[in-house]
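The following note comments on selected features of the structure shown below.

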Amino acid sequence: MQKSAVRWGLLALFVDGPKYGYQLRTEFDARTGGAWALNVGQIYTTLERLDRDGFVSANGSNSEGRTVYEITGAGRAALTDWFASPVRDADRPRSELAIKLAMAATTAGVDIPTVVQAQRTESMRQMRDYVDLRRRADPDRDVAWMLLLDHMIFGLEAEIRWLDHIEATSLRRRRVVQQAEAVAPERVTS
Amino acid sequence: MTAVLRFDNVTRVYRSGDDSVRALDAVSFEVRTGEMLAVMGPSGSGKSTLLAIAGGLDTADTGTVEVEGTALRGLGPTALACLRRDRIGYVFQDFNLIGDLTAAENVALPRELAGVGARSARRAAISALEEVGVAALGRRFPEQLSGGQRQRVAIARALIGERRLILADEPTGALDSLTSEVVLEALRSRADAGAAVVLVTHEPRYAGWADRTMFLRDGRIVDATTPRERPEQILETR
């Protein structure tokens, strides 16, 4: 997951009250169903940056001596902007799969349908597992978890449809080339 | 687990004049008791032919098709009709409901033809309609139902009784996303209770309800997922 997503995700946890660092980890896990485990170092680094940017501020210690932070007015305003803003394409991580298929399409000796089929089998396996997890989720208790699973399920669906489209396009192109070769082999091969 | 449906080297060629189309080409697979198989592939890849042959509605040119160990080729018309009525539930793309019968009568019909008393068949029909969320529509005739409602009635008819093999051709085609989940849950629970289910679908997320998915292209199996692993492990490995 991208750093900015962690930053905003952690800031959102302060909306319902002050928190200390380790508490952020357990709450983030609870709200996202443990889909993106964060390490403690990442949490404290992010917390320092949020403090530096004026989005949270230290507000004393709890009974165990842990520093407790709370969201500031500037933090609330920034968070409101984040919720209201769409995620743009440029913000998303580059897809290794897209790069792999772009390379497969332009590298001699690579059979695109074979690449597609291997990926589709794996994507379908993941799909099955996500659907299974979603089926077992409790619609009352696991709202955020189900939302995240839906995100992954619909994302995989788009990927599988895209793979189908690439396979069909590649095979159609192959047939066109074969037909052209059958009609005028000397022109195609020259 | 034993095979409920088995295809061994099945080929089906449709001929029209000098042209011929190889709808299925040396297809072999099996679906075991308690298993749900999804079949995907582009239009014309052979999915519906596969289902029609599995349900005894069409015949393979070569190869063997067995349902619960019985080769369909060796069955006479009466025995085949009984097998289809008692053991195989079929959801057609175009529903195939009888217009002169109410929804509940349509669903109850296979049970009544099997010799079950009318009252008992009716109770089973209402229960099957309940399972897909349309019990209140039992007294309506097909023409009084929306496309999605007709589809659910057709699914209830396929689920009624002790069907060992359920064949569903795009059963969610006319349904919205949430209603589709009701139907998939009904199919999945039949598989979990020991039936074998074959689901033909264009929707990857619906294929995800199956234990494995088989992709067809030009009548051949091009790739297939392996049976499921423990899903608890997946987030740790991602």
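1. In this predicted model, chain A contains an open sheet of three strands in the order β1-β3-β2, with antiparallel pairing. The edges are taken by β1 (19–20) and β2 (56–61) of chain A; each has a single partner strand, so one side of each is left without a neighbour in the sheet. Four bridges connect β2(A) with strand β3 (residues 67–71) of chain A, and these two strands run antiparallel. Within this pair, A:V56 has A:I71 in β3(A) as its bridge partner.

2. Helix α3(A) lies across β2 and β3 of chain A, at about 110 degrees to β2(A). This helix (residues 40–52) also packs with helix α2 (residues 21–32) of chain A, at an angle of about 115 degrees and with the axes 9 Å apart. The crossing of α2(A) and α3(A) is right-handed. On the α2(A) side, the contact involves A:G21, A:Y22, A:L24 and A:R25, which meet A:V40, A:I43, A:Y44 and A:L47 of α3(A). By class, the residues of this contact comprise six nonpolar, one polar and one charged.

3. With a relative accessibility of 2%, A:R120 counts as buried. Leaving aside residues up to four places away in sequence, A:R120 touches A:I160, A:L163, A:D164 and A:E167 in chain A, and B:F215, B:V222 and B:D223 in chain B. The side chains of A:R120 and A:E167 make a polar contact at 2.8 Å. As for A:L171, A:R120 is 51 residues away from it in sequence and 16 Å away in space, C-alpha to C-alpha.

4. Chain B has an open sheet of six strands, ordered β6-β7-β8-β3-β9-β10, with mixed pairing. Strands β6 and β10 (220–224) of chain B stand at its edges; each has a single partner strand, so one side of each is left without a neighbour in the sheet. Neighbouring strands of this sheet are turned by 20 degrees against each other on average, direction ignored.

5. Several pairings in the chain B sheet can be described individually. Strand β6 (residues 88–91) of chain B is joined by four bridges to strand β7 (residues 165–169) of chain B, and the two run parallel. In this pair, B:G89 has B:I166 as its bridge partner, and B:V91 stands opposite B:A168. Strands β7(B) and β8(B) pair in the parallel sense over five bridges, with B:L165 bridging to B:A196 in β8(B). Strand β8 (residues 196–200) of chain B also pairs with β3(B) in the parallel sense, over four bridges; here B:A38 has B:L199 as its bridge partner.

6. Is β7(B) largely enclosed or left open by the rest of the structure? Five of the five residues of β7(B) are buried, so this strand is largely enclosed by the rest of the structure. Both of its faces are covered, with B:L165, B:L167 and B:D169 buried on one side and B:I166 and B:A168 buried on the other. In β6(B), B:I88 and B:Y90 point one way whereas B:G89 and B:V91 point the other way, and all are buried. In a regular strand, side chains alternate between the two faces of the sheet.

7. In helix α3 (residues 103–113) of chain B, the buried residues are B:A103, B:A104, B:N106, B:V107, B:A108 and B:P110. The buried residues of this helix pack against three helices of chain B, namely α2 (77–86), α4 (118–131) and α5 (147–159). Just after α3(B), B:G115 takes a positive phi of about 100 degrees.

8. Finally, B:S45 is placed in the loop between β3 (36–40) and α1 (47–54) of chain B. The relative accessible area of B:S45 is 1%, and the residue is therefore buried. Its side chain reaches the backbone oxygen of B:P42 at 2.7 Å. Not counting residues up to four places away in sequence, B:S45 touches B:A23, B:L216, B:R217, B:D218 and B:G219.

Methods. Residues are numbered from 1 along each chain as its sequence is written. Chains are lettered from A and ligands numbered from 1 in the order in which they are written. This is a predicted model: local features need pLDDT of at least 70, side-chain atom pairs count only at pLDDT 80 or more; totals for chains, interfaces and linings use all residues. Side-chain values use heavy atoms; hydrogens and water are left out. Axes are lines fitted to C-alpha atoms, for helices over the stretch in contact, and angles run from 0 to 180 degrees between N-to-C directions. A crossing is left-handed if the near helix is turned anticlockwise from the far one by less than a right angle, and right-handed if clockwise. Contact means heavy atoms within 4.5 Å. Ala, Val, Leu, Ile, Met, Phe, Trp, Tyr, Cys and Pro count as nonpolar, Asp, Glu, Lys and Arg as charged, and the others, Gly among them, as polar. Two strands pair if DSSP finds at least two bridges between them. Buried means under 20% relative accessible area, exposed over 50%, partly exposed in between (1.4 Å probe, protein chains only). A polar contact is a pair of N or O atoms within 3.5 Å; within protein, one must be able to donate a hydrogen and the other to accept it, and residues adjacent in sequence count only if both atoms are side-chain atoms.
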